[in-house]
Amino acid sequence: MQHLSGPGALKGIIIPKWKEKRIGDRQFDFSVDFGTTNTFVAYTDDPNHYSMPKPFDIDTNELQMVMFQQIPPVEGGQAVTSSFWRESNTRELVKMTVSNEFIPPIFLPGEPGSIFNMPFRTAIFQKKNISSFNLFGDLNVHFGYQKTEIDETTNDYQEIVANLKWNISSLKDLGSKYRVEKFIEELCMLFKYKVLLNNGNPKLTKLNWFIPQSLSEASIGLYEEIWKEKVLKFLKAESVPKRVYESEAPYYFLERTGRIENNEAVLSIDIGGGSTDAMLFVNKIPRLGTSFNFAGNILWSNGYNQLENDAKDNGFYQKIKDLLKEVVERDQFLGKSMKNYQNKSTDEIMNFWLANNDKTKITDYLKDPDFKIVYLVHFCSIIYHMAQLLKTNNYQEPTCLIFSGNGSKYIDFIANEQTLGKITAFIFSKVFTKEIKQPQVILPLENRKEATSYGGIFKKQELDFKSKSYLGTTADFEKANRIITYNDVENNIIEIKPSIRQNIINMLDILQSLNDVVNFKSQLNIDFNIASVRKFIENQLDSNFDKGYGIRKEKISYDENVSDSLFFYPLIGVIFDLGRLTNEKLSEFTPTTTKYALEPSGNDVFDIQALSNEPVFNSIFEISVPVNNPNEGTFSLIADEALYKRAYTSREFVLEPVCELVNFPQGIKINIKQHNTGRLRKDGNKWIVTEKLKIEFI
């Protein structure tokens, strides 16, 4: 310590007064769900597992990082965490530095107003152009990522790296393995001191970690090696870290808490950010598992556009950014943070908004009916694929389905558990070609990653199961059992591609007929014409398959075993396309009959008897009626400049009754831009306007 300015110059050394602790005899179990987007850590000090595990925490009586100054007492309504940022002219700097570069001084998950929560983002804060990977010197876990401001003055020499999980064996970024290694190392250090400060014995510590079934064998080997090394180094634990599959853990949690009504055949589906993992339990024993790269982040990404940080075409992002513009500008933290997110991918931005839902209220916008068709297709694709996998491997239909993982939260926006059970039963009945009893559907009330982490602690024994990938072709594809490696895929791609296309069309048949069982409009609030949506999807399948397969080939060796399903290659692009779908675009895929009108019959009304089947010289409006839905229609102006002038001249009778008019022209030349198509509903012998045609004069 040195202070040389002024008359009170000081020199000296600060020597920490360490808290002495003896090794106790308590056992602690830790459970780490290291996810693509978020990480969740749970623990228990109950060796018999009779009590509920808890999210990892650091309370005021077990501080692992101590500030030089005494922490002021918490005042009314203040978060305990915020008391660590002393009121001074350097308050924000201290807050940013500690939040970005240190371990949390205190970690109280669920505390309102705290920047440290569970789960926390899977992200590293590191030097730019990093060449060495020393923990705390060069990089550290960024516990406050997306919840605290970033010091813009450090952008030239420091950066945040997310999406660590799947790049561990990347040859393009050799630092990927070291980032994962240091992330795990820092967690193990926190576990060690948690145990010591609470009269535990590190040697008695048990730890389990989670992994998806679709991760490559090389990556699984690296994770296993890292966990064993770090647990042994820091905890000296006598038990080897236990590997648990992401899809099996929620079952153990829900079975232990008595939530499952019928254990005969339970299908656990864990939807994360990057992958979906599934496991079938038959009479409480895991029998069949699978994994595929079709999960939550696909909803927020840009399909197969590989310029991830530049692409901003995602439909959810495009619609919501305008709705949030005022909120972001009004809130200092959101406004500053968004400047740093301009060069981030749309899924990172969406996850930032979700992480700060208390400010953005983004989940309210995600309930928009326009998005529901995207959620439904995503959900039905997973259910259909699982139904085929179970039938092909001679297993029965499920009596219960569990959905876990933060990526599964979109399912809540589709319908309640009862309706989801009805949808699931319908799809399984079509695949199994028999009547299926409606299964129980469980959407855990707890944090979805919480169910996974807690379940890992409740797992009692290692039981073997078969992990299989279903190629995604039609059930009658003769070569399916002979496709073992990606070399087999490449040699048979000419036959595989049309079979996968046909299989998706078969699924679309089921989706279209589902409307007769669960009415899309009245029960799900989906306003799109499902027959038109089906044609739209069919139109996108071939090009999206080619894009998906082309990208996949760059990431694998041909002699590797096939570890994912080709069924989802076209659907990843389809989900992106659906997110941007408008009624105007959909009209291109809708068979219609067309009528013509000279003018409205009154305010918001067209008289059906006044319409003609062919345009006449003074026709102004074109009315389109879907063949499969004759009670709804759309209307627009016939594209003709001379007609525009005539319509404008008689606008009081022609345009104003059914149109929203913007920017009246000043000159003689009339040019019109139609922003939408007006919408109509049939009522007896009249067409009633339900949405006006918006016209701008330009």
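Two strands pair if DSSP finds at least two bridges between them; helices (H or I, at least four residues) and strands (E, at least two) are themselves DSSP runs, numbered from the N terminus. This is a predicted model, in which local features need pLDDT of at least 70 and side-chain atom pairs count only at pLDDT 80 or more, while totals for chains, interfaces and linings use all residues. Residues are numbered from 1 along each chain as its sequence is written, and side-chain values use heavy atoms, with hydrogens and water left out.

Q: What makes β19 and strand β25 a pair?
A: Three bridges join β19 to strand β25 (residues 686-691), in the antiparallel sense. That number meets the requirement for pairing, so the two strands are a pair. Valine 605 has isoleucine 688 in β25 as its bridge partner.

Q: How do you know which strands are the edges of the open sheet that contains β18 and β19?
A: The six strands have the order β18-β20-β21-β24-β25-β19, with antiparallel pairing. Both β18 (592-597) and β19 (605-607) pair on one side only, and they are the edge strands. From one strand to the next, the twist averages 30°.

Q: Why is one side of β8 and of β9 without a neighbour in the sheet?
A: The order of this open sheet of three strands is β8-β7-β9, and the pairing is antiparallel. Strands β8 (139-141) and β9 (158-162) are at the edges with a single partner strand each, so one side of each lacks a neighbour in the sheet. The average twist between one strand and the next is 20°. Strand β7 (residues 123-127) is joined to β8 by three bridges, and glutamine 126 stands opposite leucine 139 in β8. Helix α2 (residues 175-197) packs on the sheet and touches β7, β8 and β9, with its direction at about 55° to that of β8.

Q: Why are α4 and α12 called roughly perpendicular?
A: The axes of helix α4 (residues 249-256) and helix α12 (residues 448-458) cross at roughly 75° and come within 6 Å. Axes are lines fitted to C-alpha atoms, and angles of 65 to 115 degrees count as roughly perpendicular. The angle lies in that range, and the two helices are therefore roughly perpendicular to each other.

Q: Which residues make the contact of α4 with α12?
A: Contact means heavy atoms within 4.5 Å. On the α4 side there are Ala249, Pro250, Tyr252, Phe253 and Arg256, which meet Ala451, Thr452, Tyr454, Gly455, Gly456 and Phe458 in α12. These residues divide into seven nonpolar, three polar and one charged.

Q: Why does leucine 524 count as buried?
A: A residue is buried under 20% relative accessible area, exposed over 50% and partly exposed in between. Leucine 524 has a relative accessibility of 1%, so it counts as buried. Its place is in the loop between α14 (493-514) and α15 (530-555). Leaving aside residues up to four places away in sequence, leucine 524 touches Lys372, Leu376, Ile414, Ala415, Thr419, Val518 and Asn519.

Q: Why is cysteine 659 called buried?
A: Its relative accessible area is 5%, so cysteine 659 falls below the cut-off and is buried. In strand β22 (residues 659-662), Cys659 and Leu661 form the covered face, whereas Glu660 and Val662 form the uncovered one. Side chains in a regular strand alternate between the two faces of the sheet.

Q: What makes β22 and strand β26 a parallel pair?
A: Four bridges link β22 to strand β26 (residues 693-697), and the sense is parallel.

Key. Axes are lines fitted to C-alpha atoms, for helices over the stretch in contact, and angles run from 0 to 180 degrees between N-to-C directions. Angles under 35 degrees count as roughly parallel, over 145 as roughly antiparallel, 65 to 115 as roughly perpendicular and the rest as oblique. Ala, Val, Leu, Ile, Met, Phe, Trp, Tyr, Cys and Pro count as nonpolar, Asp, Glu, Lys and Arg as charged, and the others, Gly among them, as polar. Buried means under 20% relative accessible area, exposed over 50%, partly exposed in between (1.4 Å probe, protein chains only).
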